[in-house]
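Here are my comments on the model, as numbered points. Please read them with the structure open.

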Amino acid sequence: MKQKNIVVYDGDGDGTSGAAIWLMNREGELRSVTNRQKNDRSLVRRLFDETTHEELGNSTIGIFDIDIESNLPAVEKLARTRAQIDYVDHHTKNPNALPNGVNNYCKQDDRETTTARISYELAERQGRLRT
């Protein structure tokens, strides 16, 4: 079965860049969920509305530039699937709020950290950047 990659991201420059960096050197199918308005933060919940439980369980999911607090109930539900989940964000007030089963790459907002920067550092550590 082909690997499925799902990206859920805020559609601004930071979220889009973070998702693009995370996707570097990942093979397989791609599905994305993003917003058209900055105030639409229920993107993880929307993922459930548009995707079957089986498809979620067989996917690698990256969530970018969306604070945990606005999506926590949906993230908790997502953590109960078999999906591999990476959560990358710099807006959150409490980076430890993520449930078990979610790879936490969140940092508290300090005005110097961006989601794209966190994604880049993660890709570098994982050896996914081509030089």
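1. The model is predicted. In helix 5 (residues 115–125), the buried residues are Thr 115, Ala 116, Ile 118, Ser 119, Leu 122 and Ala 123. They span an arc of only 160° around the axis, which means that they sit on the same side of helix 5.

2. After the helix comes Gly 127, with a positive phi near 75°.

3. What do the buried residues of helix 5 pack against? Their contacts are with helix 1 (13–23), strand 3 (59–64), strand 4 (84–89) and strand 5 (102–106). Helix 5 lies across strand 3, strand 4 and strand 5, and runs at about 135° to strand 4.

4. The sheet is open and has five strands in the order 2-1-3-4-5, with parallel pairing. Strand 2 (29–34) and strand 5 are at the edges with a single partner strand each, so one side of each has no neighbour in the sheet. On average, neighbouring strands are turned by 15° against each other, direction ignored.

5. Strand 1 (residues 4–9) and strand 3 run parallel and are joined by six bridges. Lys 4 has Ser 59 in strand 3 as its bridge partner. Helix 1 packs on the sheet and touches strand 1, strand 2, strand 3 and strand 4. The direction of helix 1 makes about 165° with that of strand 1.

How values were computed:
Residues are numbered from 1 along each chain as its sequence is written. This is a predicted model: local features need pLDDT of at least 70, side-chain atom pairs count only at pLDDT 80 or more; totals for chains, interfaces and linings use all residues. Side-chain values use heavy atoms; hydrogens and water are left out. Buried means under 20% relative accessible area, exposed over 50%, partly exposed in between (1.4 Å probe, protein chains only). Helices (H or I, at least four residues) and strands (E, at least two) are DSSP runs, numbered from the N terminus. The arc is that of the directions from the helix axis to the C-beta atoms. Contact means heavy atoms within 4.5 Å. Two strands pair if DSSP finds at least two bridges between them. Axes are lines fitted to C-alpha atoms, for helices over the stretch in contact, and angles run from 0 to 180 degrees between N-to-C directions.
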